[in-house]
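Thanks for coming. Please have the sequence and the model open.

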Amino acid sequence: VTFTCPKGQWCTAGLVVDCPTGYYNPLEGQDFATACLTCPASDYCDEGASAALPCPGGTTKRADGVAMTSEADCLVCGEGTFCPVGSKEATECSAGTYNDRPGQEMCAKCVAGTYQPDEGTTGCIDCPAGTSVAGTGSASLGDCAACGSGRTSGAGASTCTDCLAGTYGPSGINAECDQCPANTFSDSDGAVSCTACPAGASSPA
């Protein structure tokens, strides 16, 4: 039976030698130590490795340059960053996204009603009351659109609602709708002003 030197090793004069830590050999039948290739910077290689293995998603290679020999040597990426498989370093979440947990492969988009203009953050900012944004991943306060006259919203809203009958919204940005003053009324939703009561009629404030 013919002996073939296994992957991850090299053979000479009847000796079978493992590739050392930090090296790998993907080929069979190798008879020189130079068959052991240097492990890529983003991968790890244990003694006798036949393949270089990338750090899994949510982790990155060591920053001190020490050869990695197992997945345990990969460093967990911090909050506000993300690390795809095989990352050499953590990448900050872009504007419009965030990450509030360590060890993540991707960042989450800001949900509707929120925005985030900065990179590397762990959360998003509520749109101000009287504005809204329906889409996800908003990166600017300017994405929070004014509700418009006769409409209102609370902070962090994805939609606006009409002011109810008996109230009105006089400006383009209404954090809340105003009650109609005494002796005025609005009898439909979405009013931008109140109407004076007819002669001989009145209403409470």
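This is a predicted model: local features need pLDDT of at least 70, side-chain atom pairs count only at pLDDT 80 or more; totals for chains, interfaces and linings use all residues.

Let me start with Thr184, which is buried, since its relative accessible area is 18% and buried means under 20%. Thr184 sits in strand E21, which covers residues 184–185.

Now the charged pairs. As a general point, side chains of opposite charge can pair when their charged atoms come close. How many salt bridges does the count come to? The count is two.

One of them is between the side chains of Arg62 and Asp64, with 2.6 Å from N to O. On accessibility, Arg62 has 24%, so it counts as partly exposed. Asp64 has 48% and therefore also counts as partly exposed, given that exposed means over 50%.

The other salt bridge I want to show you is formed by Asp162 with Arg151, where the closest N and O atoms are 2.7 Å apart. This pair links distant parts of the chain. Asp162 counts as partly exposed because its relative accessibility is 38%. Arg151, at 28% relative accessibility, is partly exposed as well.

On to the cysteines. How many disulfides does a search of the whole structure find? It finds eleven. I will take you through some of them, in sequence order.

Cys39 is joined to Cys45 by a disulfide, S to S 2.1 Å. The link of Cys39 and Cys45 is right-handed, with 80 degrees about the S-S bond. Cys39 is buried, because its relative accessibility is 12%, and Cys45 is buried at 1%.

Next, Cys55 and Cys74 form a disulfide with their sulfur atoms 2.1 Å apart. Here the link of Cys55 and Cys74 is left-handed, with -85 degrees about the S-S bond. The pair links distant parts of the chain, 19 residues apart. Cys55 is in the loop between strand E6 (53–54) and strand E7 (59–60), while Cys74 is in the loop between E7 and strand E8 (75–76). Both Cys55 and Cys74 are buried.

Then there is the disulfide from Cys93 to Cys107, S to S 2.0 Å. Right-handed or left-handed? The torsion about the S-S bond of Cys93 and Cys107 is about -80 degrees, so this disulfide is left-handed. This pair, too, links distant parts of the chain, with Cys93 and Cys107 14 residues apart. Cys93 falls in the loop between strand E10 (91–92) and strand E11 (97–98), and Cys107 in the loop between E11 and strand E12 (108–109). Cys93 is buried, with a relative accessible area of 0%, and Cys107 counts as buried at 17%.

Finally, a cysteine without a partner. Cys197 is in no disulfide. Cys197 still counts as buried, because its relative accessibility is 17%.

That is the set I wanted to show.

Note on methods
Residues are numbered from 1 along each chain as its sequence is written. Side-chain values use heavy atoms; hydrogens and water are left out. A salt bridge is a side-chain nitrogen of Lys or Arg within 4 Å of a carboxyl oxygen of Asp or Glu. Buried means under 20% relative accessible area, exposed over 50%, partly exposed in between (1.4 Å probe, protein chains only). Helices (H or I, at least four residues) and strands (E, at least two) are DSSP runs, numbered from the N terminus. A disulfide is a pair of cysteine sulfur atoms within 2.5 Å.
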